[in-house]
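This report describes a single protein chain for a reader who works with coordinates. It begins with a pocket and then turns to annotated sites, the core and the loops.

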Amino acid sequence: MLQVALSSALPRASRIAAGTILTCSARRTFVSSSRRLNSLTKKKANEESGSGTEGFHRRDLATETPVDPKDASKPVGGSVVKGDWVLFHPVYTAEELKAVEIVHSEAKTVSDKIAYGLVKYTRKLFDLVSGYKHPDHVPSNASIEELRKKGYIMNEHQWLNRILFLEAIAGVPGMVAATVRHLRSLRLMQRDSGWIHTLLEEAENERMHLMTFMTLRKPSAIFRALVLGAQGVYYNMFFLGYLISPRLCHRFVGYLEEEAVITYSTRCIEEIEAGRLPAWEKEVAPEIAKDYWRLKPDAKLLDVLYVVRSDETTHRFVNHSLANLNLKTDTNPFALREPDMHVKGRKVAFEREEAAQYVEDSHRMLTERREQ
């Protein structure tokens, strides 16, 4: 009996094992091919549009640098370890950094209007707490001291407080959404159509923003306590919100990123270029930023703000696009590649039909290059 059972079970087990091996092998081949072919796709995109971000997601080979074991134990704020420890993220060209425009997604549905209303309320509350005031017209004949005294502009310390607080909270939505979708995939025992990775990439990208600006100042215990409280409330609220209406949550993040592009990125850049933040004009870019975004050795803090603004623009485009999809059945159009900043910076989102076409084009491009 035992021998018969074993003899019948073994062939079946062998078939299952073989199938698993083939499936894993095929998946590895697909991923490996996408990484190899990305260099070709990226080169072609650069030739056609001057872009540095168009192409298939891949491991950034520029990070494959021998790591000094002594440096590996140092904190991020002290020195940066050059290691392939981060997920995919765009590295922008000079042309792309200038391609960002202020665009707005019109609130058409009830959920869109709720999301937009929540963002406007949150923005006003945070502006009040942080002391942020930015009128449409700033007197040009007044001194920096007079402008600051009258509340027209903020100083470097105020800007840094605002940025640190925002980035400590901004990394929450992507991680929450990825967690919820991950658990849903486990419950249903189904693939996630490429959503989880993009959401994790967004969460890590926001966290790297925080790690970058943390090098400029060590927050006080009170500031850390405020971040802890805000993060706890925001995480749980967003978690419950994503369980109820993922579409509303993605739209909320899209509107939130619209505000991020307008305020602390674009306006902070304008303040530096107008000479109203003199301490930051010649501030050298932190080493962590040079490593993460592949900045030039002589990069300044202004260059960091430009790439951060481009990142926020990417999050704006991605979340508004995801909100336009069927979140249960549609494939994430950014699972294999992303459009360049000439698209993301000037277009508010992909409509559902455009996203489906983009997915089809991505698979076609990958298949064609695998056949070459």
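## The second largest pocket

Helix α4 supplies the largest share of the lining of the second largest pocket, namely ten residues. The model is predicted, and in it this pocket holds about 1,100 Å³ of space. The elements that each give two or more residues to its lining are α4 (110-130), α6 (156-170), α9 (221-244) and α10 (246-273).

The lining of the second largest pocket comprises 38 residues, and those nearest the pocket centre are Thr122, Phe126, Phe165, Ile169 and Tyr234. By residue class, the lining of this pocket divides into 23 nonpolar, seven polar and eight charged residues.

## An annotated transmembrane region

An unreviewed UniProt entry carries the annotation "transmembrane region" for residues 221-244. In the model, the chain over residues 221-244 is 100% helix and 0% strand, with the end C-alpha atoms 35 Å apart.

## The annotated binding site

Under "binding site", the unreviewed UniProt entry lists Glu206, Glu257, Glu312 and His315. These residues are spread over 110 residues of sequence, yet they cluster in space, the largest C-alpha distance being 11.2 Å. Of these residues, the lining of the largest cavity includes His315.

Glutamate 206 is found in helix α8, and it counts as buried because its relative accessibility is 0%, where buried means under 20%. Leaving aside neighbours within four places in sequence, glutamate 206 is in contact with Glu167, Ala170, Gly171, Glu257, Glu312 and His315. Histidine 315 has its place in helix α13 and is likewise buried, with a relative accessible area of 6%. With residues up to four places away in sequence not counted, histidine 315 touches Glu202, Asn205, Glu206 and Glu257.

## Overall fold and nonpolar core

The chain contains 15 helices and two strands, and of its 372 residues 44% count as buried. Among contacts between residues at least 6 apart in sequence, 76% join residues at least 24 apart.

The largest nonpolar core has 69 residues, and those with the most contacts inside it are Phe213 and Val304. The largest share of this core, eleven residues, comes from α10. Not counting residues up to four places away in sequence, phenylalanine 213 touches Leu160, Ile163, Leu164, Leu301, Val304, Leu305 and Val308.

## Loop residues

Which residues does serine 105 contact, leaving aside its neighbours within four places in sequence? Serine 105 lies in the loop between α3 (94-97) and α4, and is buried, with a relative accessible area of 10%. Its contacts, with those neighbours left aside, are Arg251, Tyr255, Glu258, His320 and Val348.

For methionine 189, phi is near 55 degrees, a positive value in a residue other than glycine. Methionine 189 is found in the loop between α7 (172-188) and α8 (195-214), and it is exposed because its relative accessible area of 75% lies over 50%. Arginine 294, although not a glycine, has a positive phi of about 60 degrees and is found in the loop between α12 (287-293) and α13 (301-323). At 27% relative accessibility, arginine 294 counts as partly exposed.

Definitions and conventions:
Residues are numbered from 1 along each chain as its sequence is written. This is a predicted model: local features need pLDDT of at least 70, side-chain atom pairs count only at pLDDT 80 or more; totals for chains, interfaces and linings use all residues. Side-chain values use heavy atoms; hydrogens and water are left out. Helices (H or I, at least four residues) and strands (E, at least two) are DSSP runs, numbered from the N terminus. Buried means under 20% relative accessible area, exposed over 50%, partly exposed in between (1.4 Å probe, protein chains only). UniProt positions are given in the numbering used here, feature names are shortened, and annotations may be inferred rather than shown by experiment. On a 1 Å grid over the protein atoms alone, a cavity is a set of points where a 1.4 Å probe fits but cannot get out, and a pocket is an open set with protein on both sides within 12 Å along at least five of seven lines; lining residues have an atom within 4 Å of a point. Grid points are joined across faces, edges and corners, and a volume is the space filled by probe spheres set on the points. Ala, Val, Leu, Ile, Met, Phe, Trp, Tyr, Cys and Pro count as nonpolar, Asp, Glu, Lys and Arg as charged, and the others, Gly among them, as polar. Contact means heavy atoms within 4.5 Å. A nonpolar core is a set of buried Ala, Val, Leu, Ile, Met, Phe, Trp, Tyr and Cys residues joined through side-chain atoms within 4.5 Å.
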